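Hi everyone, thanks for coming. I'd like to walk you through one structure today, so please have a look at it with me before I start.

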Amino acid sequence: MSDQPEHVVIVGAGLGGLRTAQQLRSAGYQGRISLVGAERHAPYDRPPLSKQLLTGEWDAERTVLAGPDTVEELGVRLHLGLPAVALRPGDGGHELELADGSALRGDAVVIATGLTARALPDQPAAVHTLRTLDDALALRAALADAGSLLVVGAGFIGAEVASAARGRGLDVTVLEALPAPSARALGPELGTLTGRLLTEAGVDLRTSATTTGFADVPAGVAVELTGGGRVVADVAVVGIGGTPRLDWLDGTATGAGSDGAGLHCGPDGRVHGLHAVWAVGDVAAWDDPVHGDRHRHEHWTSATDQAAVVARDIVGAAPPPRAVPYFWSDQFGLKIQVLGRPELADGLAPLHGNGLEDGPVRGTVAAYTAGDRVVAVAGFGAARLVARYRPLVAANAELAQARETAAALGG
Ligand SMILES: Cc1cc2nc3c(=O)[nH]c(=O)nc-3n(C[C@H](O)[C@H](O)[C@H](O)COP(=O)(O)OP(=O)(O)OC[C@H]3O[C@@H](n4cnc5c(N)ncnc54)[C@H](O)[C@@H]3O)c2cc1C
């Protein structure tokens, strides 16, 4: 334990950054921890921003993950409202420069700077994106006075915004460039199921729909559609994904590509090519030794799981058991859950329910397969069933085993 760092500097005071600080203390680290955050807010949680905060069920205070008391108990020095602007690696420690010109020296650095929401070309300032608490508060205020909403992009965040807006009684149009919503995360078949959730709730969902740009209208926002026509609404949100926030690292030898792939890390979170620098969360692309590739998760649970791995690596403790990737989305009163890595699949096999044969979406559970192996399981409003498949996904089990489990659970 004696060669533990004296000062761990964590860049990014969101979920991954905060959890790294907490996990360091849980692992027995007694040295200094500094947590640097670009935003002025105390560390807060993002999933409620497109759910409870937008519907009005929660106020902003409920999203806070660590208030002043928690931070003090953790013994963490918080630097809020101060983005890091450069990292200068050195043999005897690294120097992190902050926007006010001050610098922090640490002998271990953890990068947890998350994503920037992507915008469309020439997107007007009045059009919303949703990544931060300030974004969510601005969108909520706009929805309060609106009768109609246009959402560009039917990924999870776009669909959740549509769900919240329908709940508030707005007319909602959703444009999606791909043939099905959430197809990148779920594939076309289960993406089509999420599309049914949208249309059954009265959303005007237009798939394979692209835009050529924004048009000037006297009130509200208008987008021009490829092939003609336009959609006009009081409020518009663009939800077309995010880009890893690595611009501030320009010039540092991080091995990060400019391809949006994130910071390349080993399976312990160590950034390739940089000594004593780790990365966690949405910004980090870790090597996956099980599947022999590298993957960047944009999931709440992954940021938490990775923080535990990194904290234990920093203090020289054994890693925790390998976690199964997991994410969820709450839309139209139903929870969508995915365990594992659907993007590795070449097939899909129904396990429960008959949503894939046009039956009810709720209760549908399916396995994603690569050859005869289960690489992921997804469920719609079927939390108790989905949980039963976690060990099978973790073990990369054969589909036959998943079918046996399904039969034992009553199909
Ligand atoms: C609206 C929304 C809803 C979501 N819903 C779900 C969900 O239902 N289920 C799910 O699994 N996942 C969900 N997610 C994803 C989940 O919230 C993220 O995976 C998680 O927040 C990742 O944590 P992170 O620490 O990597 O990034 P973040 O939580 O984004 O934290 C990064 C922090 O770094 C700060 N930062 C950036 N640049 C700098 C800099 N140069 N210097 C200092 N600080 C900097 C940022 O201000 C930010 O606070 C949602 C995300 C959003 C935006």
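**A walk from the outside in**

Let's begin at the surface: aspartate 358 is exposed, with a relative accessible area of 66%. By exposed I mean over 50% relative accessible area, by buried under 20%, and by partly exposed in between, with a 1.4 Å probe and protein chains only. Aspartate 358 sits in the loop between β23 (347–352) and β24 (364–370). Its phi is positive, about 70°, although aspartate 358 is not a glycine. Most residues other than glycine have a negative phi.

A word on where this comes from. This is a predicted model, in which local features need pLDDT of at least 70 and side-chain atom pairs count only at pLDDT 80 or more, while totals for chains, interfaces and linings use all residues. Residues are numbered from 1 along each chain as its sequence is written, and side-chain values use heavy atoms, with hydrogens and water left out. As for element names, helices (H or I, at least four residues) and strands (E, at least two) are DSSP runs, numbered from the N terminus.

Phenylalanine 332 is another non-glycine residue with a positive phi, near 50°. You'll find phenylalanine 332 in the loop between β21 and β22 (334–340).

Now to strand β23, where proline 350 is found. Proline 350 is partly exposed, at a relative accessible area of 40%. Leaving aside neighbours within four places in sequence, proline 350 is in contact (heavy atoms within 4.5 Å) with Leu356, Glu357, Val365, Ala366 and Arg403. Proline 350 and alanine 378 are 28 residues apart in sequence, and their C-alpha atoms are 9.7 Å apart in space.

On to the helices, starting with α1. How does the span of helix α1 compare with 1.5 Å a residue? The 12 residues of α1 (residues 15–26) should span 16 Å, and the end C-alpha atoms are 16 Å apart, which agrees. That expected span is 1.5 Å times one less than the number of residues. The buried residues of α1 are Leu15, Gly16, Gly17, Leu18, Arg19, Thr20, Ala21 and Leu24. Those buried residues pack against several elements, including β1 (7–11), β2 (32–37), α3 (68–74) and α7 (300–315). After α1 comes glycine 28, with a positive phi near 95°.

How many of the residues of α5 are buried? Nine of the 12 are, so this helix is mostly covered. Among them are Phe156, Ala159, Glu160 and Ser163. Just after α5, glycine 169 takes a positive phi of about 90°.

Is glutamine 331 buried or exposed? Buried, with a relative accessible area of 0%. Leaving aside neighbours within four places in sequence, glutamine 331 is in contact with Phe156, Ala159, Glu160, Ser163, Thr194, Leu197 and Ile336. The side chain of glutamine 331 also makes a polar contact with the side chain of serine 329, at 2.9 Å. A polar contact is a pair of N or O atoms within 3.5 Å; within protein, one must be able to donate a hydrogen and the other to accept it, and residues adjacent in sequence count only if both atoms are side-chain atoms.

Which residues come nearest to the ligand? Of the 32 residues around the ligand (a heavy atom within 4 Å), they are Gly16, Glu39, Lys51, Arg131 and Asp282. An N or O atom in the side chain of aspartate 282 is 2.8 Å from an oxygen atom of the ligand. A polar backbone atom of alanine 84 is 2.8 Å from a ligand nitrogen, and a backbone N or O atom of tryptophan 328 lies 2.9 Å from a nitrogen of the ligand. On its own the ligand has 990 Å² of accessible area, and the protein covers 96% of that; these areas come from the Shrake-Rupley method with a 1.4 Å probe, and for residues only the protein chains shown count as cover. The elements that give two or more residues to the shell are α1, β2, α5 (156–167), α7 and β21 (326–331).

That's my tour, and I'm happy to take your questions!
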